[in-house]
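Subject: Structure handover

Hello,

Here is the structure I promised to pass on. My notes on what turned up follow below it.

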Amino acid sequence: MRKISVAMARRIALAAQGFTARKPARATRRSVLGVVEKTQLLQLDSVSAVVRAHYAPVFSRIGAYDRTLLDSAAWSHNARRPRRLVEYWAHEAALIPVEDWPLMRWRMAQFEHGRWSGMRKVVQRNPTLGRDILDVITEVGACTAGEVERHLELDKPRPKGSWWNLSDTKMICEQLFAAGALSVDKRVGFARHYDLAERVIPPEVLARTVSEEDAVRELVLRAATAHGVGTETDLRDYYRLHRRQTEPAIADLVDSGDLIEVQVEGWDKPAYLREGAPIPRRVEGAALLCPFDPLIFFRARTERLFDFHYRIEIYTPEPKRVHGYYVFPFLLDGELVGRVDLRAERAAGRLSVPAAFAEPGHDTPATAQALTEALRDMADWLELDKVALGSRGNLAPLL
């Protein structure tokens with residue numbers, strides 16, 4: 001079995017994720033979609049402490065860009081520039097290439113009666129509401145769950161303790177989305193506007209059928225492309241697959257030569273190298289990584305690759321937080337050298353940095369200078385005039 005160092009595995013991973021490509025002088029729709037060709041997906045999340053999670057990984061890889069380029073690719077009505085991305089449950093809620101939608105049909109079938117137990121209970125106590133929702137959307141077009149309720153003249157109080165305090169109508173809209181009957185036509189203020197899947201997904205994509213076995217093999221191959229090199233656990237996590245699915249898929253891909261089994265120094269499991277994955281001699285440049293960046297969203301892999309223990313602390317009570325509420329790891333020349341707590345204070349026109357921490361051995365003027373430039377670049381992209389520095393963390397005095 002071929003053996004590689006963890007440093008080489010790290011360079012392979014960074015190249016696969018698009019961190020070795022030269023940043024364009026001017027970002028275009030093509031360069032934005034080029035990021036998705038590398039990452040395969042962009043995770044969606046409602047937290048907007050700095051910027052929505054799907055926008056940040058594109059900025060980390062290509063620099064400042066017009067966010068409407070990504071919006072139009074995902075939620076476009078322009079026939080000349082058709083939709084290129086669509087929402088579905090991939091690695092959590094995510095934007096994926098629209099042509100990958102059929103690869104999720106097996107998951108849609110699993111979610112036909114509800115994505116989780118609480119949702120199934122809502123479906124059971126509202127046996128006709130799903131049909132009513134589909135009838136409304138068929139007639140009036142894309143709309144939010146609240147708009148559906150108004151068309152149905154529903155104004156029922158939300159049951160206490162329900163998931164995120166969602167109404168039954170919203171829950172069943174989500175169930176229909178998970179089952180593939182509905183898709184997301186657009187977002188306004190991050191609210192989903194649901195429409196019939198056949199009015200969102202192109203007919204040639206909608207007509208394509210893929211068996212679960214073939215779909216999983218394709219998803220594992222996409223995960224391997226995005227990773228460059230990864231263990232079975234890494235490949236499984238990228239699309240939230242199950243071990244019983246990934247193990248035979250990996251065996252097939254090794255037999256076909258698409259994956260090469262390797263041993264990474266210090267890893268206790270075999271890894272799989274994507275055939276043809278670039279192996280750069282060095283990685284240069286700086287990037288701030290949002291907590292949901294595909295490079296780092298699987299925390300166990302992040303620790304194995306970068307020797308960087310990272311946990312998001314949004315749901316940790318403030319007195320117990322170690323690094324901060326919404327912390328961005330800082331990538332510099334191929335290593336994670338620090339982390340900064342960030343907040344975009346739009347009304348005040350400033351990017352707030354309450355805390356900045358360097359990893360051991362990286363509390364240097366060079367790290368501080370690179371981070372200063374990265375923070376200024378982010379502030380400019382977000383159209384914030386000032387960067388306001390706090391005092392917490394061993395890197396704060398150098399900043």
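Start with a salt bridge: D135 pairs with R131, and their closest N and O atoms are 3.2 Å apart. A salt bridge here is a side-chain nitrogen of Lys or Arg within 4 Å of a carboxyl oxygen of Asp or Glu. Both residues sit in helix 7 (residues 129-140), four residues apart, about one turn of the helix. D135 is partly exposed, at a relative accessible area of 40%. (Buried means under 20% relative accessible area, exposed over 50%, partly exposed in between, with a 1.4 Å probe and protein chains only.)

Some ground rules. This is a predicted model: local features need pLDDT of at least 70, side-chain atom pairs count only at pLDDT 80 or more, and totals for chains, interfaces and linings use all residues. Residues are numbered from 1 along each chain as its sequence is written, and side-chain values use heavy atoms, leaving out hydrogens and water. Helices (H or I, at least four residues) and strands (E, at least two) are DSSP runs, numbered from the N terminus.

More on charges. The structure holds 24 salt bridges. R301 bridges to D234, with the closest N and O atoms 3.0 Å apart. That pair links distant parts of the chain: R301 is in helix 15 (residues 299-306) and D234 in helix 13 (residues 232-238), 67 residues apart. Both R301 and D234 are buried.

R243 bridges to E247, at 2.6 Å between the closest N and O atoms. The two lie in helix 14 (residues 243-256), four residues apart. R243 is partly exposed, at 46% relative accessible area; E247 is too, at 39%. Salt bridges with shared partners also join E87, K170, E174, R187 and R192 into one network.

E174 also belongs to the buried residues of helix 9. In that helix (residues 168-178), 10 of the 11 residues are buried. Just after helix 9, G180 takes a positive phi of about 85°.

Next, the cores. The largest nonpolar core has 110 residues, and Y65 is among those with the most contacts inside it. Such a core is a set of buried Ala, Val, Leu, Ile, Met, Phe, Trp, Tyr and Cys residues joined through side-chain atoms within 4.5 Å. A second, separate core of 25 residues includes F19 and L331.

Three strands form an open, antiparallel sheet in the order 2-4-3. (Strands pair if DSSP finds at least two bridges between them.) Strand 2 (42-43) and strand 3 (85-90) each have a single partner strand, so one side of each lacks a neighbour in the sheet. Q43 stands opposite A94 in strand 4.

Best wishes
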